Each structure stands twice: as C-alpha cells, then as structure tokens.
Amino acid sequence: MKLTTMSKQLYYEDVAIGNQISPLTKQPTTRQLVMWAGVSGDYNPIHYDKDFAQDRGLPGVVVQGQLLGCFMGQLMPDWIGEQGILRKLSCRYKGMNFPSEALICKGKVNKKYVKDSQHYVECSLWVENPKGEKTVSGKAIVVLPSRD
Amino acid sequence: MVGNLLITEELMGKTGIEWDPREYEVERGMIKRFAQAIDDQNPLWQDEEYAHKSKYGSIIAPPTFITILGFDQLMEEILTLASFRTILHGKTELECYQPIRPREIISVTTKITDIRQRQGKVGKVVFITFDTTYKNQRQELVAKCQQMVIGY
C-alpha cells in the first residue's frame, strides 16, 4: 500500500473565519470496527456482535464513538499539514453511526488569534451521516505556522 | 429491560477515585496498527524515511493515538462500577502537549471526576466522567484527556 504524501502546508495567513476544512469521507466496515476494537482495547460487543447489540435495544452493530473521534484526528492533521499542531480536540457523540454508512467529517473556522506569539485557529467540527444528520459535534484548536 | 439498573450510593460515592497508573511502551507496530485501523495513510505515522526528513526527525504517533493507552483499563473498571447492560461513549476531550514517538514509555493515570444520573427513556442512565493524564518517561506531561461514558 502506497502511503499518501502530506498535503501542502497551511499557514495562518491562508485561513479566514468561515473557511471550510477539506472534508474527509470515511465508510467504516464491520471489519474496520473489529480492527479498532483490537487496537483500542474496547471489546464492547455492541461494536461487532449484531445479536448482542439488538438484545441491548440497538438497531444493530454501532460504530465506536472513539473511532469517529480518531477520524477527526485524521481530518485535522490532513488539513493543517506537517508544520501545524493539533492542540485540542473535543468530540461529543450525539447519534448512532452504523457500518458501511458514508460518514463525512467536516469543519469550519470560527476564530483566529495570536497569543504568546503562537498563531491559533479554532474550528467547529462535525460528522454527517447519509441522512445529513450531525451525529458527532466537536471542536479543535490548532497552532499554524505564520509567513511573517 | 427498562429501569433495572441499580444505582447505589456506593456507585455515586466513587467520584474522586484514582486507579493505579499503568505503563505502556509505545512501539512502531502499535502506531502502524492504529493508523491502519483508522485507515489514515499520513506518512508521518508510518514512513520512517519520510518522517526522518520531517521537522520531527522520526515517526510520531497520530495525535489521537494516546487515547488508546489506558482505554482497556477504563473499560475494565467501568464494568466493576455497576451492572450496566449497555455502555455508550458520550464525549472525548483531548489536549496534546507533545508528540509521542516509538519507544517512549507512557504512564497513564485515570481518575473518576464526576458521576451523575438522569432518568432517560431507557430508565436510569448514569454519566461517568474520567480524567486521564499521560506522562512520558521523563515525567513530562504529554497529554490530558477527559472521557464521558454513558451507562444504563
């Protein structure tokens, strides 16, 4: 598998309030949920055992919240480039997500400011399911390099 | 199956409990498996040659990698708190201070900082908040994470 090369570098001056973050589409399969269970140590069967999930009143196997959080942890470095630093990432898991649904990780710029000579950008983030519902909402604070 | 969760005073009294720290050695293979599980092909996480030329000088872990360290302990401990039938993840708040590299030894300390209950559609629902700190082998704080878990 060829690894992708890093996206081009984003600078503080390139960013304006209201800018959209380049979206990232993920379509986790049940197989990916199992891989995630193994990696994270979260063996809650609602993420891989359909009968167990339905017995617990869920429509079926559900995607781990933390996996969606980690998709956000892919979205941000992809957008800010190698010189950018992700300082803070918060996610609220508001709705159920199901395997094989196309989930689009999106975000937009809310704020930018310089503090202690560091260039900060704050973004709101969310995950949209195929119905257009926001099943995850979040926030990120990044530090970007400056051209000055 | 509605409302059969027994919420005891004992459970509510567990706020403030801190578990014994656990140590994890970060390995390249762990970082690789993490990136593969997310399907994140950023070369900084996996391509030694590429990462060597970057400002980091070596492979680093993705920023959210740290959240899996100690997550096994969190899941084990939740199950000892009450006889939950279902556990869902409510929230994650991560603060990163330093990148994590292979061969670092990360000490993870987790504390229960809040337990509250509410009457939900499925009966009594408990919201448990955990605060985790991550230190490296030099005792430097590398990250903090707050997780909220919903049990019923």
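## One sheet across two chains

Start with the open sheet of 10 strands, whose order is β1(A)-β3(A)-β4(A)-β5(A)-β2(A)-β2(B)-β5(B)-β4(B)-β3(B)-β1(B), with antiparallel pairing. Strands here are DSSP runs (E, at least two residues), as helices are (H or I, at least four), numbered from the N terminus, and two strands pair if DSSP finds at least two bridges between them. At the edges stand β1 (24–26) of chain A and β1 (22–25) of chain B, each with a single partner strand, so one side of each has no neighbour in the sheet. From one strand to the next, the twist averages 20°.

This is a predicted model, where local features need pLDDT of at least 70, side-chain atom pairs count only at pLDDT 80 or more, and totals for chains, interfaces and linings use all residues. Residues are numbered from 1 along each chain as its sequence is written, while chains are lettered from A and ligands numbered from 1 in the order in which they are written.

## Where the chains join

Strand β2 (residues 85–93) of chain A runs antiparallel to β2(B), and 5 bridges join them. A:Lys88 sits opposite B:Glu95 there. On its other pairing, β2(B) is tied by 9 bridges to β5 (residues 141–151) of chain B, again antiparallel; B:Thr92 has B:Gln147 as its bridge partner in β5(B).

Overall, 36 residues of chain B are in contact with 35 residues of chain A (C-beta atoms, placed from the backbone, within 7 Å). On chain B's side, β2(B) gives the most, with 9 residues.

## Helices at the contact

Helix α1 (residues 30–40) of chain A packs against α2(B) at an angle of about 150°, with the axes 8 Å apart. Axes are lines fitted to C-alpha atoms, for helices over the stretch in contact, and angles run from 0 to 180 degrees between N-to-C directions. The two helices are therefore roughly antiparallel (over 145 degrees). Residues meeting here include A:Trp36 and A:Met35 from α1(A), and B:Phe34 and B:Arg33 from α2(B).

## Helices over the sheet

Helix α3 (residues 65–80) of chain A lies across strands of its own chain together with β2 of chain B, running at about 145° to β2(A). In chain B, α5(B) lies across β1, β2, β3 (105–120), β4 (123–135) and β5, at about 35° to β5(B).

## Confidence

Chain B averages a pLDDT of 92, and 95% of the residues score at least 70; pLDDT is the predictor's confidence in each residue, from 0 to 100. The model scores ipTM 0.93 and pTM 0.93.

Terms used: Two residues are in contact if their C-beta atoms, placed from the backbone, lie within 7 Å. Angles under 35 degrees count as roughly parallel, over 145 as roughly antiparallel, 65 to 115 as roughly perpendicular and the rest as oblique.
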